[in-house]
Amino acid sequence: MSHADYSAGDTNRDLRLPAWGPYSKRYAGVSHVANPVRGARFDLTIVPGYFRGDLVIPDGLSPSRFHPWEAAPGLPYYAYRYELEWKDQVYCDVSFTAMGDHSRLVSCEWVNNTDYAQRVVSHAVTSLDFARIGSHREWIRTVSIQKSDAVTWVDALDYAELRLAGGRCDAGLAADGLLVGEARAHGAVGGSVLTDVGEDTGDAVIYSLQLDAPLGDAVLRLRHRLPPGVSGNLMVDGPRTGQLQCVGTGEMQTVDLDFGPLARGTHRITLSASRGSLTGLEIDGFLIGEREEVERTVVIPDTLDTDVALTPDPSGGFVIKPRALEQAYGVTWAAGGLHAREFVGNNLDILLRSAKYDWHGIPGPSHVAVDADGHANRFTDILAPAVTVPAHSRRTIYGLVCDGSPDEVSDRLAAFARASNSELQVLLNQGRRSAFDPRRSGRTTTGRGRLLNSQRLMAATVLTNVVYPIYTRRQNVRHFAPGRWWDSLYTWDSGIIGLGLAEVDPQSAEDCLEAYLTGPDDPHSAYIHHGTTVPTQQYLAAELLSRGIDRKRFAKWYPGLREQYRFLSGGHPKSRTRMPSGLLNPFAYFYNSGGWDDYPAQAATHRHRLAESVAPMVTTSHAIRTAKLLLLAIGDTTGDPGTAGTDEDIRSEAPGADYPNWPKVNHGDVAGYVEDINRMSAALQQCWDPDAGYFGYATHDTDGAFTGLLRDDKGFNLNMGIDGVYPLVAGSCTSAQSDVLLDRLFSPDRLWTRIGISTVDQSAPYFDLNGYWNGQVWIVHQWFLFKAMLDLGRPELARRIAEAVLEVWSAESERTYNTWEHFSIATGRGNGWHQFGGLSAPVLNFFAVYHRLGNLTTGFDTRVLKSGIHADGSTLTADLLSLPTATGTASVVATLAPGYRYEVLIDGHPTRVDQTENGIVHITWTDRRVSQHRLGLSERSLHVRPIP
């Protein structure tokens, strides 16, 4: 595999967000990306509280009485609500507003709705954080090489080729955006080492070295680590052959090989070992240069020093100069009489609470409280004077945080000191107006008002659940996380987060997609993979395409989308998903097929160690649906299909339109998708269980041949649940099967509940109200089934799903101000993570379907080529492209201006319309005509207008 191919085709995976934002992994506030190479982050946490009393410390890793409250797309403004006395009796709304690229206005609006005056304080606490070796683990301890320019350092990961003789299940799909063979490790340059070389005979790593000048007495110095007690020889083949004798101590070691004279130019150097002789070998890299120069090379540990120089500024604030960073920071409050104190420890909750009873709660600047565990983290608290908020009143105090050189910081603090409160209030109001507000993006419908707050809260949660740093592809990047508990990549959550972002911040939705795509020449990963293999990036791309995404961007995405599909469907040469039966098995790559950790069939598969021989329905179903989505994306093509499989490129263009930047598609892609759809759809039919009325997990013999369905010891199909109905999402069911599955989905005795569709059939003997997925309703799968109902021409069922989700979401958000992970069937209450922006994000999509003026929503089988709406919202036109559906019917939902009765024309002919509510129009058609399109696709024009 060629590292050069990777580096040439890869892209920046960071988000197009400002350097200041809500990026902390622990305490909420505002953070600055301080050093992208080191993954260093400067944090400012606002801690409001009663004077010498209770504090609200916004710990993002536990429920702690603060809530993401509102946020603007692109994060020029966002706010949190801190509840000192529940509910809305005494609270503080803390916001952060951009004042250029280097400053953020901090606002603390105190509200006292009680009959008593309240004395309150605002703490501004700063700290540093660095890249970690793993999720919520310790800081990674890296080193730097101090050398002359005449010495070349070759990082172990900069290989030209890596040959690993032993089979690897992650070949072609290295986890977490790492390179093949890469591992994060302490004591390494950049924090990564190359592993696995020496595990099997034939393992080798090859480097291409460019020397700009000849060397007279060259030496190669290898930096490596072996476990204690392991030793062996590493073979070197290049300008000179030889051996490096490696001895394990558990620490990084160096060993030299004399090369003698080396000519100017390119040299190939191969490192290899015999099988098992160097088990556990970690290669950091090697130096090449003149012997004397190499001898003078020094390895220096990179600092993790969190100490700061704290200097009072003449303007009244403080300049904070971290020793580990080049830049300085400024923090101030508009009120005078500020005090500073420092704490050393790792738990801000303990540190601040233990100090609140100091003299007036305001010790001098030199005070240091050391936490009992002696952790080296350091917090600097800039404390504003206490203020009194009279009964039934509010009061706002302002602060500033900024970055720059010490002189620049001092200038910014001085400028802030000159600003009046009225000027700062104007800036704050501008920020508030930029926040996502569902009232400004939708229309009025019956009952809409009670949904608004829950939508605002979800938008704020999704927009502010950004963490930094996340390490991937040798970059430290910002990343949308399901919640701060998940300090990692997560592939399927991220695609769903993107669906929610598409409604509130389309640019970030695009970035969320791009972060996970690679390309056909990537030797490390067919896509960026962590966790469940549901390819949600495909659904996000399809949604963005139907919303009119710039086709230049889709042209960039298409090769990565195709590669993700090829791997998951088993068409990639390194994929291990495809079974001889034609079904797909994801368990070589993750234990979880559909996200549902304790789903009964999946749990039984692992309990009985059947992962290599069992196929769930969800994986094959998503592969079929993904192939159809890609067909819709490229299927409106011109040209002769008889050239399929050749190298000739064809340009996909919508008929009658000029899209010169549309992706070029090989004819073989189209033929391959069609072939895969037919093959996998036929394979699914083996798994229908007419007695249970569900599709079952497929069991196989040692040769991979289908043998039956997975059952419990009493003979019950273990797949009575959402996985058992997933072929509906694929569109691969017969009409009779669809009828049975719809009955299962909407029967109150089976899957339907008052809050949505249960993950497991309530009549199944293994249904459990106490499970994580079992006994729960999860919003993500409601969205997939909602779209499937439109494909089946059942818009009334689609709306039933959406309304159930919106109602339970709104009710629980109003009760708690939380955005929940899942919902209990037993109680209807929210459970799991309380600030969840991941698999719950489709609540934003459901709201937009029925409450956003001009919205046109299709199922998976229909793509919007283009659409437009009249300025008054009363007339909508669209060009659609559709695949043949399972039932021959399909539906779309149009949301138009209220106060009219509407008629619908398809290709100029009246069609069925159901105006279920003023302005919400369900449109259903039956496709009896024979498509003239070579792919079986149908093009149609849609015109919705008021009845005169």
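**Aromatic rings and their partners**

Reply: Across the whole structure, a search finds 37 aromatic pairs. This is a predicted model: local features need pLDDT of at least 70, side-chain atom pairs count only at pLDDT 80 or more, and totals for chains, interfaces and linings use all residues. Residues are numbered from 1 along each chain as its sequence is written, and side-chain values use heavy atoms, with hydrogens and water left out.

Me: Why is the aromatic pair of Y539 and F860 called edge-to-face?

Reply: Rings of Phe, Tyr and Trp (its six-membered ring) pair if their centres lie within 6.5 Å; planes under 30 degrees apart count as stacked, over 60 as edge-to-face and the rest as tilted. For Y539 and F860 the centres are 5.2 Å apart and the planes make 65 degrees. So the pair is edge-to-face.

Me: What makes Y539 buried?

Reply: Buried means under 20% relative accessible area (exposed is over 50%, partly exposed in between; 1.4 Å probe, protein chains only). Y539 has 2%, so Y539 is buried. F860 has 4%, so F860 is buried too.

Me: Why is the pair of F567 and Y589 edge-to-face?

Reply: The centres of F567 and Y589 are 5.2 Å apart, with 70 degrees between the planes. That angle is over 60, so edge-to-face applies.

Me: Why does Y589 count as buried?

Reply: Its relative accessibility is 10%, so Y589 counts as buried.

Me: How do you know that the charged end of R184 sits over the ring of Y471?

Reply: NZ of Lys or CZ of Arg must be within 6 Å of the ring centre and within 35 degrees of the ring normal. The charged end of R184 is 3.6 Å from the centre of the Y471 ring, and sits over that ring.
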